Amino acid sequence: MKQVIELNVNGEPYTVAVNPWQTLNEVLREDINLTGVKIGCGSGDCGACTVLVDGRAVSSCLSLAIEMEGKQIVTVEGMAPSGETLHPIQEAFIEKGAIQCGFCTSGMEISALHLLNHNPSPTDTEIREALSGNLCRCTGYTKIVEAVAVAGQKMKEASERKPS
Amino acid sequence: MRLSHFDYHAPATVEEAIALLQSKGPGARVMAGGTDLLIKMRHAGLKPKAIISVKRIAGLDTIAFDEKRGLIIGAAALLADVANHPDVLKHYPTVAQAARGTANAQVRNMGTVIGNLCNASPSADNAPALLAMGADVRIHGPAGVRTLPLEQFFKGPGVTALEPFEIVTSIHVPTLAPHSGTAYISLSARGKLDCTAVGAGIMLTLKGRVCENLRLFISACGPTPIRARKAEEIIRGKELTVDAMDKAGAEASWETRPITDVRASADYRSKMVAVLTRRVLKQAHESALERL
């Protein structure tokens with residue numbers, strides 16, 4: 001039996017009728033058409049499906065949509081601040097060549113966002129720890145770690161520029 | 001792969017949850033974070049008819065410490081919140097460390113310490129240290145509330161002492177003795193993500209320089225975490241020496257029953273039980289000395 005839930009995705013309110021067995025990943029991709037959210041292993045190992053739920057990075061493949069009533073979701077499509085095309089993390093990934101096939105990128109960037117929101121100047125170890133639930137089979141991770149460090153700098157500079 | 005179909009319930013009270021378990025029968029499963037249950041459904045053919053979430057039950061996400069009663073972790077308290085809680089970090093650093101070492105950041109933001117215990121994997125990262133500290137589980141059921149030492153909770157891989165329609169609602173960790181030290185060390189094939197292949201958790205209490213008491217548990221080397229009692233006896237009542245640590249390590253190897261699987265061979269595990277026993281003894285001893 002379907003149940004109607006209201007949730008906020010990337011700043012927009014949505015009302016969706018969901019079955020109890022539908023995951024957040026399925027609803028984001030199939031009902032809300034946000035296909036930047038990927039599905040890899042389906043068991044919380046690869047991180048390709050990572051989204052923010054109320055500010056926390058979670059695996060959308062292991063989250064039931066029915067539990068998302070009233071939650072604030074952020075996907076890769078909603079990272080960029082309003083009026084901007086890209087988030088500093090996305091800019092840094094491009095500048096540093098941290099993207100190859102791109103399949104892990106949206107999850108990587110969301111995990112990086114979660115890290116940088118809590119820790120604006122992470123060490124390399126902290127970056128690697130924060131991304132340890134995101135697998136990349138192309139890059140060897142070095143460029144990604146560099147991109148997150150650069151993104152942290154960019155975000156700090158942007159927040160210093162902003163009048164408070 | 002899609003999940004099989006089920007009814008979903010998110011009761012507001014423990015009593016309601018138990019009544020639901022009773023009315024839905026054996027096809028019902030209790031779920032907290034879902035990071036074990038949903039994987040078993042997707043990849044291991046588990047098909048529950050009903051899922052009963054404990055996440056809406058008020059107060060179950062508690063993490064509370066007081067000097068007299070010790071630490072209480074509720075059934076819905078997330079691994080990430082236990083790992084980062086100031087009181088846990090201060091008074092039970094090994095509990096925080098074990099929670100932080102469980103799975104990855106995403107899973108820690110969904111999964112719970114108690115879910116990790118109830119899943120009853122022999123390699124559960126949160127079990128050895130809590131066992132060593134003499135934690136109790138609080139269990140609600142149709143007949144009321146009961147308290148069970150965690151040491152009596154694990155019955156086999158995926159099997160616990162829970163009776164039908166019972167739910168673990170919290171775990172209670174006693175206040176640690178002033179001259180005690182704790183440690184947990186785990187090994188896995190590829191660092192962060194892989195399940196633990198061998199783990200050792202310990203609590204050691206000093207009286208002067210003498211190891212007055214200790215509790216040592218080895219994980220992933222038998223159907224449940226195993227208490228290495230004979231190894232404990234070698235250390236108990238004596239000062240800790242290199243020779244005693246070596247003997248205790250060898251004894252702990254004899255006490256465990258590792259198997260060969262994808263994570264490690266039985267032979268490797270046996271050798272590592274000895275190594276980890278020495279390491280946790282040394283580490284807990286050092287931290288107990290700091291608190292002397």
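**Exercise 1. How many residues does the contact take from chain B, and how many from chain A?**

Solution. The model is a predicted one, and this holds for every step below. Begin with the count on each side: the contact takes 28 residues from chain B and 31 residues from chain A. For chain B and chain A, about 2,400 Å² is buried between them, with 53% of it on carbon and sulfur atoms.

**Exercise 2. Find the salt bridges across the interface of chain B and chain A, and then describe the side of chain B that touches chain A.**

Solution. Side chains of opposite charge can pair when their charged atoms come close. The rule asks for a side-chain nitrogen of Lys or Arg within 4 Å of a carboxyl oxygen of Asp or Glu, and across the interface of chain B and chain A it finds four salt bridges, while the count over all chains comes to 20. One pair to check is Arg56(A) with Asp81(B), whose closest N and O atoms are 2.6 Å apart; this pair crosses between chains, from strand S4 (residues 56-59) of chain A to helix H3 of chain B. Another is Glu30(A) with Arg2(B), where the closest N and O atoms are 2.7 Å apart.

The count of residue pairs in polar contact between chain B and chain A is 15, with both residues at pLDDT 80 or more. On the side of chain B that touches chain A, helix H2 (37-43), helix H3 (79-84) and helix H6 (105-108) of chain B each supply at least two residues, and the largest share, four residues, comes from H2(B). Sorted by class, the residues of that side divide into 12 nonpolar, nine polar and seven charged.

**Exercise 3. Describe the second largest pocket and say which residues are closest to its centre.**

Solution. Start from the volume: about 850 Å³ of space lies in the second largest pocket. Of the 32 residues that line this pocket, those closest to its centre are Glu129(A), Asn84(B), Arg100(B), Ala105(B) and Arg108(B). Among the elements that give two or more residues to the lining are helix H4 (124-130) of chain A and helix H5 (93-100) of chain B. By class, the lining has 10 nonpolar, 13 polar and nine charged residues.

**Exercise 4. Where is Asn119(A) found?**

Solution. Asn119(A) lies in the loop between H3 and H4 of chain A. Its side chain is joined to that of Glu126(A) by a polar contact of 3.0 Å. Finally, compare sequence with space: Asn119(A) and Gly152(A) are 33 residues apart in sequence and 8.6 Å apart in space, C-alpha to C-alpha.

Key
Residues are numbered from 1 along each chain as its sequence is written. Chains are lettered from A and ligands numbered from 1 in the order in which they are written. This is a predicted model: local features need pLDDT of at least 70, side-chain atom pairs count only at pLDDT 80 or more; totals for chains, interfaces and linings use all residues. Side-chain values use heavy atoms; hydrogens and water are left out. Contact means heavy atoms within 4.5 Å. Buried area is the accessible area (1.4 Å probe) that two parts lose on being put together, summed over both. A polar contact is a pair of N or O atoms within 3.5 Å; within protein, one must be able to donate a hydrogen and the other to accept it, and residues adjacent in sequence count only if both atoms are side-chain atoms. Ala, Val, Leu, Ile, Met, Phe, Trp, Tyr, Cys and Pro count as nonpolar, Asp, Glu, Lys and Arg as charged, and the others, Gly among them, as polar. On a 1 Å grid over the protein atoms alone, a cavity is a set of points where a 1.4 Å probe fits but cannot get out, and a pocket is an open set with protein on both sides within 12 Å along at least five of seven lines; lining residues have an atom within 4 Å of a point. Grid points are joined across faces, edges and corners, and a volume is the space filled by probe spheres set on the points.
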